[in-house]
Amino acid sequence: MKPGRIGLAAFVAFGLLSVPVQAETIQVIVDKLVFAPVDVNAKVGDTVEWVNKDAFAHTATATNGDWNVTLAPKQNGQLVLKKPGTTDYFCKFHPNMKGRVIVVP
Amino acid sequence: MIARLSAGLAARGLAARVLAAPGLAAPVLALCLLTAPVFAQGAKPGAKPTDPQIAHIAYTAGQLDIDAAKQALEKSKNKEVRDFAQDMVRDHTEVNKQALALVTKLNVKPEDNDTSRALTKQAAAKRDELSKLSGAAFDKAYVANEVAYHKTVNGALESTLIPSANNAELKGLLQTGLKIFQGHQQHAEHVAADVK
């Protein structure tokens with residue numbers, strides 16, 4: 001096989017491999033008692049990572065009780081999204097902090 | 001801590017110099033617009049608090065809530081109430097730590113004033129009142145006071161302290177403080193509904 005064909009084959013193979021959508025990590029910045037962005041749009045299998053920039057402890061707590069992520073001061077917390085649906089969440093310590101995770105299959 | 005702060009910072013000559021500085025607002029607190037009685041004490045129309053006074057009031061308000069939480073941790077056996085009290089100690093300690101760091105950086109000397117004194121006096125009276133209660137009666141009274149106290153402080157922050165603050169960093173810290181205390185008020189309201 002000529003070098004050019006190897007390149008082409010590799011390109012095609014890479015293209016095929018990358019067709020299935022890979023799981024992503026989506027960051028939510030927690031700064032001065034605000035979740036940003038407020039809405040997270042994700043797919044099943046994606047990970048939400050909250051980056052707590054505050055010197056205060058927070059939580060990301062699903063209002064339906066499905067999950068609860070503790071965010072120590074200046075620490076991150078992660079959640080793998082396992083099922084589709086829209087979940088509102090808040091901080092247990094500061095319930096005026098609110099966000100939403102929208103998961104599609 | 002407050003006593004130490006006050007003693008250290010309320011040296012009269014220093015306070016007088018701060019107050020005499022050009023561009024600073026009149027020393028008497030303009031708290032007449034506030035509805036909460038404690039913040040109205042000593043108010044004179046047309047005046048507004050200075051940055052040194054605002055810093056003192058904010059710090060005092062935080063320290064008083066820490067003291068109230070410590071009393072709750074001594075007396076209460078209710079997990080939700082104790083968790084709430086621990087949250088108050090943790091958050092207010094952090095806010096005051098940031099406040100102290102900021103006033104040190106800005107070389108602002110927090111200055112005792114009528115509002116700080118009224119807050120302290122009222123908190124002492126409440127502490128005495130709560131010390132006579134126990135069990136569910138204490139829990140209910142403590143949490144009800146937390147709702148009322150945060151409401152009062154938040155009202156003062158919104159209507160007087162934040163608008164009166166001259167220094168942008170002080171204003172910023174007060175704004176963050178307001179969001180935290182509004183969160184505490186909502187949290188306290190949730191706990192209040194549970195300890196009814």
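On confidence, the predictor assigns the complex a pTM of 0.79 and an ipTM of 0.77. Chain B comes out with a mean pLDDT of 83, with 77% of its residues at 70 or more. Residues 1-36 of chain B are another matter, with pLDDT below 50, although the model still gives this stretch 65 contacts beyond near neighbours in sequence. Where pLDDT is low, the predicted coordinates are not something to read in detail.

Turning to the interface, 13 residues of chain B are in contact with eleven residues of chain A. On the chain A side, eight of the residues are nonpolar, two are polar and one is charged.

Within chain B, helix α4 (residues 51-75) pairs up with helix α6 (residues 114-131): their axes come within 9 Å and cross at roughly 10 degrees. Angles under 35 degrees count as roughly parallel, so α4(B) and α6(B) are roughly parallel to each other. From α4(B), the residues that meet α6(B) include His56(B), Ile57(B), Leu64(B) and Gln71(B). Among their counterparts in α6(B) are Thr115(B), Leu119(B), Ala123(B) and Arg127(B).

As for α4(B) itself, the helix is mostly covered, with 18 of its 25 residues buried.

Key. Residues numbered from 1 in each chain as written. Chains lettered and ligands numbered in written order. Predicted model: local features only at pLDDT ≥ 70, side-chain atom pairs only at ≥ 80, totals over all residues. pLDDT = per-residue confidence, 0-100. Contact = placed C-beta atoms within 7 Å. Nonpolar A, V, L, I, M, F, W, Y, C, P; charged D, E, K, R; others polar. Axes fitted to C-alpha atoms, helices over the stretch in contact; angles between N-to-C directions. Helix = DSSP H or I, 4+ residues; strand = E, 2+ residues; numbered from the N terminus. Parallel < 35°, antiparallel > 145°, perpendicular 65-115°, else oblique. Buried ≥ 20, exposed ≤ 12 C-beta atoms within 10 Å, placed from the backbone.
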